[in-house]
Amino acid sequence: MKVSKSYRIFQIINTIIMIIIVAATLYPFLFLVAQSFSSEKAIYNGEVTIFPVGFNIETYKSIIKQGDFLLYYRNTILYAVLGTIISLFSTAILAYPLSKDKLRLNKVITPFVIFTMYFGGGLIPNYVLVNSLGMRNTIWAFLIPGAISTYYVLLMKSFFASLPQELEEAASIDGLGTFGIFIKIVFPLSKPIMATMVLFYAAGLWSNWFTPFIYFDSKDKWPVALYLRQIIYGATSTNEISAGLDQAQSIAASVKSASMVLMALPIICIYPFIQKYFVQGMMIGSVKG
Amino acid sequence: MMKLKRVISALLVLAMVFSLGACNNKEDKKTDTDSGTSDSGAAATEEELDYTFGLDTTFKSDEPITYSMMYSDHEIYPYQENWLVWDKIKEMTNVSFDLNIIARADYDDKKSLLINSGEAPYIIPKTYDESAFITGGAVVPISEWVQYMPNYMNFVETYQMEDDLKQITKSDGKYYKLPGMWEVPAGTGSEYTLVVRKDIFEKAGVDVTELEKDWTWDEFYDCLAKVQNYVGGNPIWSDRWKGDSLLKVVGQTYNVPAGWSLGDGMQYDAETDSWYFAETSEDYKEFVTLMNKFISSGILDPETFTQEDATAENKFKAGETYVIGSNRTVLSMYDQGLKETLGEGNYELYSIVLPVAKNNYQTENSRLENGIMISQKALDELGEAGFIKMLRFIDWLWYSEEGKIFTKWGVEGETYTVDSEGNYTLNSDITYNGLNPEGTKQLNVDYGFSNGVFSYGGTLDLAKSMLADDLKDFCERLNSYRTIKPLNPPVVGDEDQTEEMNLIKTPLMDYVKSATLQFVTGQMNVESDWDSYVASCEANNSQRYIDMYKEIYDSQK
Amino acid sequence: MGKKEKSMEKQKRKEEVILMKSAKVPLLKHIRREWKLYAFLIIPIAYYIIFKYLPMAGNIIAFRKYRAGGPIFGIEWSGLKYFRQFIRDRAFWNAFTNTLIINFSYLLVRFPATLAFALLLNEIKNVRWKKFVQTVSYLPHFIAVVIVCGMVKELLSTSGPINAIIKAFGGEPISFIQLPEWFVTIFVGSSVWQALGWGTILYLAAMAGINTELYDAAKVDGANRFKQVWHVTIPGILPTITTILILDIGSIVGSGGVFERIIMLYNPMTYSTGDVISTYVYRMGVGTGNYSYATAVGLFEGIIGLILVNAANMTSRKVTKSSLW
């Protein structure tokens, strides 16, 4: 195909913009990685840029050697996988009917769902509820109360709504039940949004320290996110710091960076696998196939 | 239809899972309380206790017993199940803990959540501010129970802590936490100070050791000017803690609450026995003028008030700055850093006794520390006898001489030795805060001793026993050059008064904080902006606050 | 089942489909007819009732006096006392205004930037380069806010690289972090930097859902790339765009999401422009545990949010013909 001159100029400008964005987003990350491999001395002398100075892997060794770190990692993977499945399923079965204009009750149900985005119960009632359901200090306290994100429901709903209705009607005429249509027709058509939701839910669960902090009492249930929070934040309350004694110490910068990298890496690595579902034309192929 | 059935059965399974979980939980709780009540023995009288306790007696329960406790987990020495400290407590007292472990950064939030939802463990240590919890009835007014705690009472009597305890007494005449108690404020005297690079100061012709006996801030300024002159240009002082520690220690010498101790800005005048708002006083004016002088002359880095601690620390460790705020712990970190960059012997650190202005006082005068709240649930579930038993365990672990030495130093022979003159020595393979820097194990990380949850408060001797030599030296200089300020009379409003005053206090003090920093950094001018500053304080209801404060004080006199 | 029966059933269903589209039937009949679709909603609605609506009962303490550790629904009625407390408070309104300014500026920058970035990404021809840019651009999303803020402060400090550039051009160094007039810029800049790449994912997913035949048809009609974007891509992702925009507008008054970043970036000198509702309530509550006050403020925020989202939804229905409900 012939490419117009203006489009070629556009491509050049576009490339320049992309290079700027890559530089701006990659540099700080590389800096953190470099810091995690550098010696403390180099860090406080400000020598570290994107290349480690005084290269060593001692920091990583010491983090991983701490038996608990691997436990936290295992927990996080478990929470993320199980939680994503629960969340994806419950979000989809809510979003799908909501996307159907023919369902007259949607006029009530959609506002019923949206209302919860603006009014919550606050921490204490939620805690009391979870506790009285017997879920406190169990994995379910983490995965169930926050299973559905209304925001994601609405996004998924708008995606479902944009799917061609004819396919579903045709399937219905072919004798496929409602659930069958949902699984066999809608699901394959929705790979891009499903992939997105997997990524969003998984990333959310992966980095969620707050819910585990609220509901878990014992440290052996901690996810990595909570460990990372402890490492990075240390003492934030004035009381703690000004009380002096042993309270004013802080964790070395290299340990903070290394923990950060260790935590972010796996979730970053799943992206390429998700990415293939964002390729255009995917959908048509799957429908025809 | 099939599908619906499947959905329903799935729901049922889910419901069963939850209810099972719930059952388990309830059972757990039940056994907890069972063991509690049966151990203490509902009919136990003073004569037939199932445990030993007393001034010189180790608390020991006949039967094993478990108490639930919140635990503030420190990232430097993260919780370990197999710490020696747990084993030894169990061995000595037959008590084990059911811990709710929370990272210390979020400890206060979880504490508040647990208390509010009625799920607080029995023992709630590391409480700095208990005032939010006193009216709800979830926390035991512990002052009504301390008579059962012999070691606690003994310390109170021996070191005359009565006036100190009045500082935490609420308007109902009771107090709600067992505070940590020091013989001397902060253990060995105010520990927050400035540390200087003595080697550089000497080269610049400044002898701090002589001057510090009675120097003023202006003299200190002259010294810094000399040092700056000697090293050339750049700020020679970049401070940490967002400048809050600096403002606190300097403000105190001007009789102005500032930084960490800003509070509500009220200051007591002993001569007239009355309170006044110090933030609009002449003293305040002098205080911010001085601080501004440090900034405008380029001696003090204006980033001090906004930068991260690590940034300030790095500049000092890298040898770019020569003055920085310090306390006992961070001092040894500076030392380590400089050792790496400059090499041992090429630098000398010196904690100075701070200059004076309007008084000759040290920064701190409170001998109280964070403390322990006891949940009302403990009293309800353990019964009175069981409750007193638990208090006596707390009394031993936190307040007895034996307990204090144990939580601080560990186990004799295993972690430390003590000679005939009562000098404590850490075993040579164990390091802690500047002691035995070559040691391979850490007293807190590997053993759980000197743990902030247990180890605080105590006598001067005990506090000093663990200081490295340079800190011992500082402690002696400080206490011989500066005196300790007498305690202010307490002013406590009732619930409604406190609520109203808090509503004024937050916006008012926000404004004061903001203006103080603007005066200091030069965004506002002390002379030309003074009137508008005072007017803004008044617009923020400062007068109403002062009136209420005085009213409460007069009614309590 | 015989062939005949099957075809009859097919016929029946066809009729049903036609019926569905026909005029209104009584509600009960409608539910009975669509019960299979409605059945999907049983679990989610039960979930919403239990985990979202039940705890809302706790909001009653906005109207009742609450004591920490006391009964969770408070001890006595206090009327609108806690609402009056913040409505009469000048500092609260300062925080309120700041919240609107900060959220609105953020939206104003982030929304077009994300959309533009997604469209530009979509125009990259080299698949590897495209994947690389995408992956790299969302790295910031995974850096903890506190670390980002630490880097921002270093970058903007008087001895930092930005000021070094200013000095190199003969300017006076600016202490960005301490000046109120810079706060919004710093906040928006750092947030957009962190959210840009991640925000494109939704648009990319929506673009992947566009029927490629539409592009082919446009090409046949002689549309160049720019026209294809305008006539195919944008309309294709319009439902996603409106959904995001409506929800974003509704959350303009909310400040829970920006709390952490504000706490890390502001300081007493920048309270005048940086203090938002959540940070103000936080400082108000430290040590005093005034939950009734915080709850009253929360309700107030919720009501405004609801009004805004409704207004946005109605506008969208009129302008773009698509809306959330």
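1. Domain bounds, as used in this note, come from an automatic or database domain assignment. For chain B of this predicted model, that assignment gives domain 1 (27-186 + 369-405), domain 2 (193-361 + 491-556) and domain 3 (410-466). Taken over C-alpha atoms, the centres of domain 1 of chain B and domain 2 of chain B are 36 Å apart.

2. The average pLDDT of chain B is 87, and 92% of the residues score at least 70. Over residues 1-5 of chain B, however, pLDDT stays under 50, and the model has two contacts beyond four places in sequence for them. The pLDDT is also below 50 over residues 7-44 of chain B, a stretch with 39 contacts in the model beyond near neighbours in sequence. Where pLDDT is low, predicted coordinates should not be read in detail.

3. Most residues other than glycine have a negative phi. N255(B), which is not a glycine, has a positive phi of about 60°. The loop that holds N255(B) lies between α9 (244-253) and β8 (266-269) of chain B. Is N255(B) buried or exposed? N255(B) has 21 other C-beta atoms within 10 Å, and the cut-off for a buried residue is 20 or more, so N255(B) is buried.

4. The second case is S450(B), a residue other than glycine whose phi is positive, near 50°. S450(B) is found in the loop between α15 (443-447) and α16 (460-465) of chain B. Because S450(B) has 24 C-beta neighbours inside 10 Å, it counts as buried.

5. Chain A has 17 helices and zero strands. Of its 289 residues, 46% are buried. Among the contacts in chain A between residues at least 6 apart in sequence, 67% join residues at least 24 apart.

6. Chain A is divided into domain 1 (1-56) and domain 2 (59-288). Seven residues from domain 1 of chain A and eight residues from domain 2 of chain A take part in the contact. On the side of domain 1 of chain A that touches domain 2 of chain A, α1 and α2 (40-44) of chain A are the elements that give two or more residues. α1(A) gives the most to this side, with four residues. By class, this side of domain 1 of chain A has three nonpolar, three polar and one charged residues.

7. An unreviewed UniProt entry places the feature "transmembrane region" at residues 12-34, 77-96, 108-127, 139-160 and 251-274 of chain A. Residues 251-274 of chain A are 88% helix and 0% strand, with end C-alpha atoms 35 Å apart.

8. Chain C has 16 helices and two strands. Its radius of gyration is 26 Å, well over the 20 Å that the globule rule gives for 325 residues, so chain C is more spread out than a compact globule. Along the principal axes, the C-alpha atoms of chain C fill a box of roughly 85 × 65 × 35 Å. Buried residues account for 38% of the 325 residues in chain C. Of the contacts in chain C between residues at least 6 apart in sequence, 67% join residues at least 24 apart.

9. Between chain A and chain C, 79 residues of chain A are in contact with 72 residues of chain C. Helix α1 (residues 5-36) of chain A provides the largest share of the side of chain A that touches chain C, with twelve residues. The residues of this side divide into 55 nonpolar, 19 polar and five charged.

10. Between chain B and chain C, 31 residues of chain B are in contact with 26 residues of chain C. On the side of chain B that touches chain C, α3 (107-116) and α18 (495-521) of chain B each supply at least two residues. The largest share of this side, ten residues, comes from α18(B). By class, the side of chain B that touches chain C has eleven nonpolar, 15 polar and five charged residues.

Note on methods:
Residues are numbered from 1 along each chain as its sequence is written. Chains are lettered from A and ligands numbered from 1 in the order in which they are written. This is a predicted model: local features need pLDDT of at least 70, side-chain atom pairs count only at pLDDT 80 or more; totals for chains, interfaces and linings use all residues. The radius of gyration is taken over C-alpha atoms; the globule rule is 2.2 Å times the number of residues to the power 0.38. A residue is buried if 20 or more other C-beta atoms lie within 10 Å of its own, exposed if 12 or fewer, and partly exposed in between; C-beta atoms are placed from the backbone. Ala, Val, Leu, Ile, Met, Phe, Trp, Tyr, Cys and Pro count as nonpolar, Asp, Glu, Lys and Arg as charged, and the others, Gly among them, as polar. UniProt positions are given in the numbering used here, feature names are shortened, and annotations may be inferred rather than shown by experiment. pLDDT is the predictor's confidence in each residue, from 0 to 100.
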